[in-house]
Structure formats: structure tokens, C-alpha cells
Amino acid sequence: MSISTTTAPTALDPVVEAEQATSAASAAATEAEIVVAGAALGTAPARVAGRGYAVLNAVLALALILVLAPVMLVVAVAVKLDGGPVLFRQKRVGRDGAEFGMLKFRSMVVDAEARLAALAAHNEGSGPLFKMASDPRITRVGGVLRKFSLDELPQLFNVVGGSMALVGPRPALRREVDQYCPLAARRLAVKPGLTGLWQVSGRSDLSWVESIRLDAEYVERWSPALDLAILFRTVGAVLRGGGAY
């Protein structure tokens, strides 16, 4: 991750502040140092949004559903014509380790989970994540949806229901959480989000160490201003489509 050093971050640029703090911490970090750092943070209270902020998230998500309804309808028709169910529902881990059903537009073949074991040797991700830049399970329509994050739009309903927020660490699978070090476990102190700090800072191009440090930095620095800055930067990240697979 490349961070410019020509302009000092200000209070009006909370995303850059968080990115620079993470970049400095990750520069010489080893996996062992990540574990030690996480253990030290484990007892620190997270900055958690109150109930009023959760209601605001739900209202904004509902407004986005209404505005994006035509787009979601077109996507739903495209997925259906590609064969198989439109929606994909999967158990994910949210705040404090509670599981919930996360919604997505289906972007993979119907038996994607059954094919995972056969692809393990081709894993390009790090840590507990499985990533392949050219995953053969992704459908023709799914490739376009993933590039522009359109497959994530149904998670607006998760935000309305309260299991997710607009901004936060991305919700993980239970098998991933079971491998978390203490620093990665900090992600569970807040609600998972539709977008987050590492999504606007490189997405899948980041290493596992960089992504968990960004999420931990988000938990420590959380504020409405940081959420707003991440939301604005999400638009650009989605339109560019970089690091999405």
C-alpha cells in the first residue's frame, strides 16, 4: 500500500490518518509481532457507535435501497438468466462473535462451496482468507458484479435489520474467525460493514497483515467523520474496480 508523504494528514482527512498509522505500524511487522500487538490491544475498549447511530444507519440503508432499486432489479434479472438462484445467503460472524445470515447476489456457481477443497492448492490469499484472482467458480455475470461490488447490495437489508452497519470490518466466515490472532479478533468489537477502511485502501490487493491492521485501526479510531470519509471514498473505489475478486 502506497501512502503519500507530501501532505500531512489533518483532522478533515481521517481515512488518510488511519492509513498512515497502519502503514507505519506494518512496515517492519512480522506475524509474531502482529500477535503480540493484538494481545496488548485486547483489553482496550473499542469505540462503539450508540443505538441512535444504528438507527441512522438503518434509515440511510433504507433510502439507498429505494434509490438503487432499479439497479438491484436489473442485477437480479441478470443473475437469474445466468442460471440458478438470485440470492446467496451465508452464515457470517458479526459483532461479539454472533452469527447472522449475510445476503449477496449470487456470483458463483451453485456448488461453489463443494468445489472449494479442490482449489485449496491455488489459494492466492494470505492468513485464513481464500482468494483467487481467476476463481473458476465465478459465473460470467458474477465477475462483473464482483468487480463493481454490485453483489454486495443485498447487504443493505442486513443493515436495515441491524446485523450490519454501512461501514465496518467485512463479515468473516466462522472458519476464518477460528484462526484469528488477538489483533484480528478486534474486528469483532464492532458491527461488520458493507464497506470498510481496507476496502477503500486496496481491497484484495492488500496482505492479510495489512487488512487486519487497517480494521484494528478503524476500531480504535472510529468516529462518524471516519465513517463518512470511508463512504465517500467507497464510491471511487467501486468505480475503479481495482483489487476486487
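Here is a short exchange about how the labels are reached.

Tutor: Ground rules, quickly. This is a predicted model, where local features need pLDDT of at least 70, side-chain atom pairs count only at pLDDT 80 or more, and totals for chains, interfaces and linings use all residues. Residues are numbered from 1 along each chain as its sequence is written, and side-chain values use heavy atoms, with hydrogens and water left out.

Student: Why is W222 called buried?

Tutor: Buried means under 20% relative accessible area, exposed over 50%, and partly exposed in between (1.4 Å probe, protein chains only). W222 has 15%, so W222 counts as buried. Buried residues make up 44% of the 245 residues in the protein.

Student: What makes Y53 and W222 an edge-to-face pair?

Tutor: Rings of Phe, Tyr and Trp (its six-membered ring) pair if their centres lie within 6.5 Å; planes under 30 degrees apart are stacked, over 60 edge-to-face, and the rest tilted. Y53 and W222 sit 5.2 Å centre to centre with 80° between the planes, so they are edge-to-face. The two residues are 169 apart: Y53 is in helix 3, W222 in the loop between helix 9 and helix 10. Helices (H or I, at least four residues) and strands (E, at least two) are DSSP runs, numbered from the N terminus.

Student: What makes a set of residues a nonpolar core?

Tutor: The members must be buried Ala, Val, Leu, Ile, Met, Phe, Trp, Tyr and Cys residues joined through side-chain atoms within 4.5 Å. The largest one here has 21 residues, and L166, Y218 and I230 have the most contacts inside it. Helix 9 (208-221) and helix 10 (224-240) are among the elements that each supply at least two residues, and helix 9 gives the most, with three.

Student: Which residues is Y218 in contact with, leaving aside neighbours within four places in sequence?

Tutor: Contact means heavy atoms within 4.5 Å. For Y218 the list is V167, G168, P169, V190, L197, L226, D227 and I230. L226, D227 and I230 are also among the buried residues of helix 10.

Student: Why is K147 said to lie over the face of F148?

Tutor: A charge sits over a ring if NZ of Lys or CZ of Arg is within 6 Å of the ring centre and within 35 degrees of the ring normal. K147 is at 5.8 Å from the ring centre of F148 and lies over its face.
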